[in-house]
Amino acid sequence: MTERSEIVIVGAGPAGIRAAQTLVTAGLHPVVLDENPRWGGQIYRQPPAGAGFTRTRQTLYGFEAAKAGAIHNTMAALLPQVDYRPETLVWACDPKQLHTMHGGRETPVPFSHLIIASGATDRVLPLPGWTLPGVYTLGGAQVALKAQGCAIGERVVFAGTGPLLYLVAYQYAKAGANVSAVLDTSAFSSQAKATPRLLNQPATFAKGLYYVGWLRAHGVRIEHGVTLEGVDGAAGVEAIRWQRDGRVHTLACSAVGLGFGLRPETQLADLAGCRFAFDELNRCWLPERDAAGRSSQPGIYLAGDGAGIAGADAAELAGRRAALALLEDIGIAAPEMPGVTGAAAIERKLASIRRFREGIEQAFALPEDPSACWPDDMLVCRCEEVDARTLRDCVRHDGVTEINRLKALTRVGMGRCQGRMCGEAACHLLAQASGQTLAQVGRLRAQAPIKPIPIAPMLFDENVVAIPEEARDE
């Protein structure tokens, strides 16, 4: 063991909390950094403390209420043993040091060992009208319901594909919102063919069937195998259009929840120097890790959806496994935890969940060549107002074949979101326009800050070296 191990966990979702629990049981006291005001992550997001929310845990989390309660209670019990820092944004990483922002102040956080449990965000594939007020990602719609106690509109349509599509629709309808329809771009036949793999997790599969059945029983329209044409409206959402079997359909609505599954948040791992490889299952570049969660960088471990989408149960397991690997690496014996399996059993469970994940990807595959039908005047990067024509012209006239070159010439991905919202769409368009695969066009390299931060604290930070007065006019 090193003379002093400064262990830091980024993220207080299921993976981060289980990692912290394992380390505390072994006698360590990690720092836990989390961007949210309360622990739980996205799936077990808590309402603001003391804000007068009266919805019960059962109402908020449904079938997952017991798991949410276990996660919340575990972290509450750990608070005296960890250095928990909520509302703390990790915006950059140097060797053995994180840069964080809390309360408008920049604070460096040194580490000897780092567990990155950064979670995931929505995979965004645009369509005409996606920038209208009233269009939300599925995750954004879920945040509104869980953390703010409101719906995103009076008549809501959820569109895209993936299991989250049905979960959020169910949560909204269960809460009393008017869900007009669920529009799934995946064919029902694909979902039926995936059943053998989905049965690797029978309880999770059964919950999915229940959500669909409940929605149908309560009059929510569900359409499979659609092609989304666009969202219409003047000052906001008024209707959504889709095509199926050669016919165009229109449905009036006031809000749209849009999503095509989840995308791992990998920027911090990138800045930490982790090696990446293209993952066919997740259809994106992921930081490499071994079965225990060790990255290519010594002392840096990866856990949860930030290292590959697998869900909350897998995140808990991966958080424990990464912590066990860390303990082994610093020479501390694995603690005995009643009711908790050892490293080998955890890896077997994770392998089973991966087979289930293969079924999910088969059942809810992304649309084939999604960018092929995007009109030239549609914005792809809303931060920098870059449209599809600009990107295609760059491919046609400048021969661009790599995503970072496309970024340099067009500014796609250079705005406030740093490519987190538009990056995947730009990669799809570049691949389609240049006749390449997603793997061949590469990945957007992360740049600090990985999320927007205020500049004022940097200007007045006492650690920043001032420019000499005589040199200011040079």
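**Figure 1. Threonine 74 and the residues it touches.** Setting aside sequence neighbours within four places, threonine 74 is in contact with Ile17, Arg18 and Gln21. You'll find threonine 74 in helix α3, which covers residues 65-78. Is threonine 74 buried or exposed? With a relative accessibility of 14%, threonine 74 counts as buried, because the cut-off for buried is under 20%. Keep in mind, here and in every other view, that this is a predicted model.

**Figure 2. The whole protein, to get your bearings.** Before going further in, step back for a moment. The protein has 16 helices and 22 strands. Its C-alpha atoms fill a box of roughly 70 × 65 × 45 Å along the principal axes. A compact globule of 474 residues would have a radius of gyration near 23 Å, and the protein agrees, with 23 Å. Buried residues make up 53% of the 474. Take the contacts between residues at least 6 apart in sequence: 66% of them join residues at least 24 apart.

**Figure 3. Two aromatic pairs that share helix α5.** Searching the whole structure turns up 11 aromatic pairs. In one of them, the ring centres of phenylalanine 158 and tyrosine 172 are 5.2 Å apart and the planes meet at 75°, so this pair is edge-to-face. Phenylalanine 158 belongs to strand β10 (residues 156-161), while tyrosine 172 sits in helix α5 (residues 163-174), 14 residues apart. Both phenylalanine 158 and tyrosine 172 are buried. Now look at tyrosine 166 and phenylalanine 364: their ring centres are 6.3 Å apart and their planes are at 50°, so this pair is tilted. What does the pair tie together? Tyrosine 166 lies in helix α5 and phenylalanine 364 in the loop between α11 (343-363) and β21 (379-381), so the pair connects parts that are 198 residues apart in sequence. Tyrosine 166 is buried, and phenylalanine 364 is too.

**Figure 4. An aromatic cluster and two arginines over rings.** Which residues form one aromatic cluster? They are Phe63, Tyr170, Tyr210, Tyr211 and Trp214. Arginine 382 lies over the face of tryptophan 130, 5.2 Å from the ring centre. Likewise, the charged end of arginine 443 sits over the ring of phenylalanine 276, at 3.9 Å from its centre.

**Figure 5. Valine 386, inside an annotated domain.** An unreviewed UniProt entry lists residues 379-431 as "domain: BFD-like [2Fe-2S]-binding". Valine 386 is found in strand β22, residues 386-387. With a relative accessible area of 3%, valine 386 is buried. Beyond its neighbours within four places in sequence, valine 386 is in contact with several residues, among them Met378, Leu379, Leu391 and Thr410. Valine 386 and glycine 413 are 27 residues apart in sequence, and their C-alpha atoms are 9.3 Å apart in space.

**Figure 6. Alanine 307, a buried loop residue.** Look for alanine 307 in the loop between β20 (300-302) and α10 (312-329). Although it lies in a loop, alanine 307 is buried, with a relative accessible area of 5%. Apart from neighbours within four places in sequence, alanine 307 is in contact with Leu286, Arg289 and Leu302. From alanine 307 to alanine 318 is 11 residues in sequence and 9.7 Å in space, C-alpha to C-alpha.

Figure 7. Start with the peptide bond from alanine 448 to proline 449, which is cis, with omega near 0°. Proline 449 is in the loop between α15 (438-441) and α16 (456-460). Next comes arginine 283, which has a positive phi of about 55° although it isn't a glycine. Arginine 283 lies in the loop between β18 (276-279) and β19 (284-287), and is partly exposed at 31% relative accessible area. Last up is glutamate 385, a residue other than glycine whose phi is also positive, near 55°. Glutamate 385 is in the loop between β21 and β22. How buried or exposed is glutamate 385? Glutamate 385 is exposed, with a relative accessible area of 63%.

Terms used
Residues numbered from 1 in each chain as written. Predicted model: local features only at pLDDT ≥ 70, side-chain atom pairs only at ≥ 80, totals over all residues. Heavy atoms only, no water. UniProt positions renumbered as here; feature names shortened; annotations may be inferred. Phe/Tyr/Trp six-rings, centres within 6.5 Å; stacked < 30°, edge-to-face > 60°. Helix = DSSP H or I, 4+ residues; strand = E, 2+ residues; numbered from the N terminus. Buried < 20%, exposed > 50% of the residue type's maximum accessible area, 1.4 Å probe, protein only. Lys NZ or Arg CZ within 6 Å of the ring centre and 35° of its normal. Rg over C-alpha atoms; globule rule 2.2 N^0.38 Å. Contact = heavy atoms within 4.5 Å.
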